[in-house]
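This report is for a reader who is meeting the structure for the first time. Please keep the sequence and the 3D view at hand while reading.

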Amino acid sequence: MSKVMIHPADYENVRQAVDRAFELFPLELLGKKVLIKPNVLRSSEAKEGVVTHPAVLRAVVEKVETMKPAAIVVGDNPGVFSYGANEESFTKTGLMDAARGYYQNIGNDSQKVDFNPEFMPKVSVSRVVLDADIIISLPKFKTHGLTVITGAIKNSYGFLPGAQKAKLHKEAGNAERFHELLVDVFRLRIPDLFIMDAVVGMEGNGPASPDLRDIGLILASDNAVALDAIVAVMMGCEPGRLRFLQKAKEAGLGDYDLHTIEVIGVLKQVPDFKLPPLSGEANLENEIIQTAIHSRMILRPQADPELCTSCGACVDQCPVSALSMSDDHLPQVDADVCITCFCCQEICPEKAITLR
Ligand code: SF4
Ligand code: SF4
């Protein structure tokens with residue numbers, strides 16, 4: 001039977017709930033490499049409620065520090081509106097401070113792994129995800145126009161750097177296939193513990209809706225399917241209607257049936273919670289999102305010969321080896337290999353790279 005913790009909390013006092021989560025779901029971290037992955041959808045202010053609140057990240061980092069791991073990394077690959085703005089996204093949200101020096105741009109280094117060929121035969125995953133002994137995922141209690149809720153399973157979509165996320169969105173083609181794709185990404189490396197920021201949640205047409213709700217809770221589990229099922233119930237949605245939960249159950253990753261979940265705390269539906277359409281088509285019909293996805297997918301880097309000093313930093317840093325030095329000593333891109341992660345643009349000391 002899976003367990004889900006529901007614990008009262010506010011942002012001034014998150015640590016108590018975090019301590020309780022570690023009591024209920026003990027992890028041995030001594031000497032281990034730990035990745036802590038908040039949901040950093042995009043560059044925004046913490047008060048917009050779009051990302052995991054920095055108070056939650058700080059409490060988890062401080063807790064993990066006491067458990068003497070060999071290494072801690074805090075990182076995420078932001079979504080379509082903030083590709084190439086990894087550092088900026090962490091700084092603006094306050095997550096950089098909360099990371100207490102453990103922040104890393106995890107989009108800078110990746111490894112190709114086999115994937116479901118129905119979508120793409122291979123995907124690049126941030127290497128730190130594959131190298132971590134323990135992953136602690138910090139999702140946010142939010143709605144999502146395409147998947148209805150964005151919780152524990154969806155948070156793993158950020159394991160993919162760059163515009164692959166946009167490309168996969170497009171390959172999926174419709175909401176149902178996108179739900180299935182999410183589970184395939186989640187299975188690439190299932191996190192060990194989920195601690196969800198439900199102090200302030202988001203309703204309406206998330207994941208960046210202006211409609212915030214005070215919920216006053218931290219949720220936790222070591223099973224993402226059970227946790228997302230509880231989130232769905234709190235939002236007033238029958239978990240079995242969500243295709244990604246059905247697919248996760250079919251894949252043996254857990255169960256959304258409430259009879260199989262032990263709730264530690266008080267489970268209550270949030271009154272009059274505004275859900276996006278259950279068909280999950282809201283984002284597919286959103287012209288701004290579709291335009292952003294398309295524009296990110298077709299961009300490729302180009303070096304300005306007036307500014308480039310041929311230092312080679314971009315060639316060395318490209319996570320998928322898409323760049324090489326041309327005979328005229330300018331970096332050139334293999335357009336088929338490039339995943340539009342914007343790392344070369346971020347790293348260039350001369351600001352010589354633009355994405356066109
Ligand atoms: S060429 Fe630049 S944008 Fe493309 S994958 Fe390499 S680092 Fe990322
Ligand atoms: S990092 Fe910038 S300056 Fe260095 S080779 Fe690449 S484009 Fe040129």
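The model is predicted.

**Strand S2 and its partners**

Strand S2 covers residues 33-38 and is mostly covered, with five of its six residues buried. S2 runs parallel to strand S3 (residues 71-74), and four bridges join the two. Within this pair, Leu35 stands opposite Val73 of S3.

**Nonpolar cores**

The largest nonpolar core has 88 residues, and those touching the most other members are Ile36, Val60, Ile195, Met196, Ile218, Leu219 and Leu227. Which helix gives the most to this core? Helix H9 (residues 224-235) does, with 10 residues. Not counting residues up to four places away in sequence, Leu219 touches Val4, Met5, Ile6, Met196, Ala198, Leu227 and Ile230. There is also a second, separate core of 16 residues, and among its members are Ala303, Cys343, Cys344 and Ala352.

**Helix H7 and positive phi values**

Helix H7 spans residues 164-172, and its buried residues include Gln164, Lys165, Ala166, Leu168 and His169. Gly173 follows H7 and has a positive phi, near 80°. Positive phi values also occur in residues other than glycine: Val148, near 70°, and Lys351, near 50°.

Val148 belongs to strand S8 (residues 148-150). Lys351 is placed in the loop between helix H13 (343-347) and strand S15 (353-355).

| Residue | C-beta atoms within 10 Å | Class |
|---|---|---|
| Val148 | 26 neighbours | buried |
| Arg189 | 18 other C-beta atoms | partly exposed |
| Lys351 | 10 other C-beta atoms | exposed |

Why does Val148 count as buried? Val148 has 26 C-beta neighbours inside 10 Å, and a residue is buried when 20 or more lie within that distance. Lys351 is exposed because it has 10 other C-beta atoms within 10 Å, and the limit for that class is 12 or fewer. Arg189, with 18 other C-beta atoms within 10 Å, is partly exposed, since its count falls between those two limits.

**Arg189**

Where does Arg189 lie? Arg189 sits in the loop between helix H8 (175-186) and strand S9 (193-202). From Arg189 to Val199 there are 10 residues in sequence, and the two are 27 Å apart in space, C-alpha to C-alpha. Leaving aside neighbours within four places in sequence, Arg189 is in contact with Val129, Leu130, Ile135 and Phe159.

How values were computed:
Residues are numbered from 1 along each chain as its sequence is written. Chains are lettered from A and ligands numbered from 1 in the order in which they are written. This is a predicted model: local features need pLDDT of at least 70, side-chain atom pairs count only at pLDDT 80 or more; totals for chains, interfaces and linings use all residues. Two strands pair if DSSP finds at least two bridges between them. A nonpolar core is a set of buried Ala, Val, Leu, Ile, Met, Phe, Trp, Tyr and Cys residues joined through C-beta atoms within 7 Å. Two residues are in contact if their C-beta atoms, placed from the backbone, lie within 7 Å.
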